[in-house]
Amino acid sequence: MKQHSTRRYAAIAMMSALIAVLSLMIVPLPSGVPLTLQTFAIAFCGLLLGWRSGVAAVAVYLLLGAIGVPVFAGG
């Protein structure tokens with residue numbers, strides 16, 4: 001069954017927001033390299049949405065960062 005486009009776009013937007021929120025959660029490690037949950041969010045996005053919608057969600061996240069919205073790790 002084909003998913004409605006409005007539901008698909010909403011899911012892509014929500015996953016982009018989840019990636020942005022989890023990328024700002026930083027866990028400092030004793031080695032000095034910070035750990036973020038961004039990698040988990042991207043894998044979860046692909047698992048939940050499938051590869052095409054997952055790539056679209058990551059592309060929206062990267063586009064938000066490219067236009068200046070502080071969504072990347074470290075602000």
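Two residues are in contact here when they have heavy atoms within 4.5 Å of each other. With that in mind, among contacts in the chain between residues at least 6 apart in sequence, 50% join residues at least 24 apart. Please keep in mind throughout that this is a predicted model.

Let us start with the overall layout. The chain has 3 helices and 2 strands, and, read from the N terminus, these elements follow the order α-β-β-α-α. Along the principal axes, the C-alpha atoms fill a box of roughly 50 × 25 × 15 Å. Of the chain's 75 residues, 24% count as buried.

Now for the helices and how they meet. Two packed helices are described by the angle between their axes and the distance between the axes. Take helix H1, residues 5-23, and helix H2, residues 38-49: their axes come within 8 Å and cross at roughly 165°. Angles over 145 degrees count as roughly antiparallel, and H1 and H2 are therefore roughly antiparallel to each other. Their crossing is right-handed. On the H1 side, the contact is made by Ala11, Ile12, Met15, Leu18, Ile19, Leu22 and Ser23. H2 answers with Gln38, Phe40, Ala41, Ile42, Phe44, Cys45, Leu48 and Leu49. Sorted by class, this contact of H1 with H2 holds 13 nonpolar residues, 2 polar ones and no charged ones.

Helix H1 also packs against H3, and here the angle is about 55°, with the axes 8 Å apart. H1 and H3 are therefore oblique to each other. H1 passes H3 in a right-handed crossing. From H1, the residues involved are Arg8, Ile12, Met15, Ser16, Ile19, Ala20 and Ser23, while H3 brings Ser53, Ala56, Ala57, Val58, Val60 and Tyr61. The contact of H1 with H3 divides into 9 nonpolar, 3 polar and 1 charged residues.

The remaining pairing to visit is H2 with H3. These helices pack at an angle of about 140°, with their axes 6 Å apart, and H2 passes H3 in a right-handed crossing. Gln38, Ile42, Cys45, Gly46 and Leu49 of H2 meet Trp51, Ser53, Gly54, Ala57, Val58 and Tyr61 of H3. By class, the contact of H2 with H3 comes to 7 nonpolar, 4 polar and no charged residues.

In soluble globular proteins, nonpolar side chains tend to be buried together. In this model, the largest nonpolar core has 11 residues in all: Ile12, Met15, Ile19, Ala20, Leu22, Ala41, Cys45, Ala57, Val58, Tyr61 and Val71. The elements giving two or more residues to this core are H1, H2 and helix H3, which covers 51-66. H1 gives the most, with 5 residues.

Setting aside its neighbours within four places in sequence, valine 71 is in contact with Ala20, Ser23, Leu24, Tyr61, Leu64 and Gly65.

Next comes serine 16, which is found in helix H1. Residues count as buried when their relative accessible area is under 20%. Serine 16 has a relative accessible area of 3%, so it is buried. Apart from neighbours within four places in sequence, serine 16 is in contact with Ala57, Val60 and Tyr61.

To finish, let us turn to two exposed residues. Residues count as exposed when their relative accessible area is over 50%. Tryptophan 51 is found in helix H3, and with a relative accessible area of 63% it is exposed. Trp51 is also one of the H3 residues that meet H2. The C-alpha atoms of tryptophan 51 and alanine 41 are 10 residues apart along the chain and separated by 14 Å.

Valine 33 lies in the loop between strand S1 (26-27) and strand S2 (35-36). Its relative accessible area is 53%, so valine 33 is exposed. The C-alpha atoms of valine 33 and threonine 6, which are 27 residues apart along the chain, are separated by 39 Å.

Note on methods. Residues are numbered from 1 along each chain as its sequence is written. This is a predicted model: local features need pLDDT of at least 70, side-chain atom pairs count only at pLDDT 80 or more; totals for chains, interfaces and linings use all residues. Side-chain values use heavy atoms; hydrogens and water are left out. Axes are lines fitted to C-alpha atoms, for helices over the stretch in contact, and angles run from 0 to 180 degrees between N-to-C directions. Helices (H or I, at least four residues) and strands (E, at least two) are DSSP runs, numbered from the N terminus. Angles under 35 degrees count as roughly parallel, over 145 as roughly antiparallel, 65 to 115 as roughly perpendicular and the rest as oblique. A crossing is left-handed if the near helix is turned anticlockwise from the far one by less than a right angle, and right-handed if clockwise. Ala, Val, Leu, Ile, Met, Phe, Trp, Tyr, Cys and Pro count as nonpolar, Asp, Glu, Lys and Arg as charged, and the others, Gly among them, as polar. A nonpolar core is a set of buried Ala, Val, Leu, Ile, Met, Phe, Trp, Tyr and Cys residues joined through side-chain atoms within 4.5 Å. Buried means under 20% relative accessible area, exposed over 50%, partly exposed in between (1.4 Å probe, protein chains only).
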